[in-house]
Amino acid sequence: MADAQEIERTSSPNALFGEDAFSRLDEGDDRVFYSLDRFVDHLDSLALATVEKIIADLVTEDDPAILDLMAGWDSHIPEDLHPSRVVGLGLNENELNENKALTGAVIHDLNKDPLLPFPDNTFDTVVNTVSVDYMTRPFEVFREVGRILKPGGLFLVIFSNRMFPQKAVKIWKESGEEERVLLVEDFFRESGAFEKTTVFVSKGKPRPKDDRYAHLGIPSDPIYAIYGEKKGGDPSRGARPKVTVPYGEPLSPEELEKRKRAVKETLSCPYCGEKMRKWAVPDNPFEVTWDNDYMYICFNDACPYYVRGWDVMYRDGNRGASYRLMYNPEKDCCMPIPVPSPKALRESIID
Ligand SMILES: C[S@@+](CC[C@H](N)C(=O)[O-])C[C@H]1O[C@@H](n2cnc3c(N)ncnc32)[C@H](O)[C@@H]1O
C-alpha cells in the first residue's frame, strides 16, 4: 500500500491502485442489484452486538445527528443512544422504510454520484457498516464525508469478512483482512479531512451455537472498526473513550495470581481453566531460546487471554497476531507466546 504523503499525484488516487482495482464482477446498475429486499442479518449475533457496543462507546455527543451511509433495514444504533436524527442513505427503499432507527431516508447511488446530498458540517457522526467494500469511488466518498461532518465529528467504518462477491471491488477481494485495514486507512488519509485514525479489532470469538453457520466450525464474524475525527474539532473536548467489548470472566488480580500459582499442579490455563497441552520446544539453529525441551500452552481458541490478544497486539503495532498463554515448567512461570493464526504452534503438540 502506497503512503499517500510520498507520492506526487497527477490524477485520481484510484490510479495508485491500478486501473481496475475498483472494478466489480457485476458492473450492472447497483439499484437493480439492491432492489431485492434483504431482511437478513449480515453478521452473526455476537458480531452484531460488538457493532452496537462500538457505536455506544464512540458516539459520545448528546443528541447526535447521525448519517448511516449505505444503510439497510438495521442501523445498529444502541438503545441508550438518543440521536436528534438518523438519516439512512442507501439503495433499497423497503429496507430503509423498515429501519426503526431512521428519521429520514435518501435513495442515492454513491458509485454513480459520490457527492453526498447534504450541506457542509451537517452530521456529528457518519457510520458505514459492512459496506465499504462496495464503494467504487471511495476516495471521493471519504472526502465528502469530511465535508458533511461537523468539525470533530466521527467517521466510523466497520467491516467484517463476508460480502456479495459480485459487487465487492476487486482490490478488496484480493486483499487479506490486514490489508483491508490499510486500504481503509488510506481512504481516510487521502481525504486530508481527518485526524489520525484508530483501529479496533474483535476476532477469534466462538461463533454463537444457534448461528446458521455454526456447523462449519468457524469463529464468530471478525469485526474491524476504523475511525477518525474530522479535523478542526474542539481540543478541550478530550479524546473519545477506548472501545471496550468485554469478553470472558473478569478476574481480579488476586484471583489471577492464585490461579497462576496453581498451574504447577493443575496444568490448567489460569484464564479459561482448560488443560494446557504439552508442547515441544522447536529446534532453533540460530539461538537457544529456552533451556527446557517442552512447555505447556493453552490451545483453547475461546480462551479470553488469546481472544483479547488480537486487539491488544493491534494496539501495540503487531498487526495480525495474538498470543497464547504458555507455562514454563522449569521456571514455574506463565508468559505469552505470539501466534499469527489459530493453527500456529499446533504441529508441536506432543500429548
Ligand atoms: C451488506 S448491506 C449493509 C447494510 C447495513 N449497512 C447494515 O449494516 O446492515 C450493503 C448496503 O450497501 C448499500 N449500497 C450498496 N451499494 C450502494 C451504492 N452504490 N450506493 C449507496 N448504497 C449502496 C445497499 O443498499 C445495502 O443496504
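Two residues are in contact if their C-beta atoms, placed from the backbone, lie within 7 Å. Welcome to a predicted model, in which local features need pLDDT of at least 70, side-chain atom pairs count only at pLDDT 80 or more, and totals for chains, interfaces and linings use all residues. Residues are numbered from 1 along each chain as its sequence is written.

**View 1. The two domains of the chain.** Domain 1 spans 4-237 and domain 2 spans 253-348, with bounds from an automatic or database domain assignment. Taken over C-alpha atoms, their centres are 35 Å apart.

**View 2. Where domain 1 touches domain 2.** Here nine residues of domain 1 are in contact with 11 residues of domain 2. On the domain 1 side, strand β6 (residues 198-202) gives the most, with four residues. Strands (E, at least two residues) and helices (H or I, at least four) are DSSP runs, numbered from the N terminus.

View 3. Because nine of its 12 residues are buried, α8 is largely enclosed by the rest of the structure. A residue is buried if 20 or more other C-beta atoms, placed from the backbone, lie within 10 Å of its own. Among the buried residues of α8 are Tyr305, Trp310 and Met313. Their cover includes β6 and β10 (322-328).

**View 4. Just past the helix.** Look just after α8 for Gly317, which takes a positive phi of about 90°.
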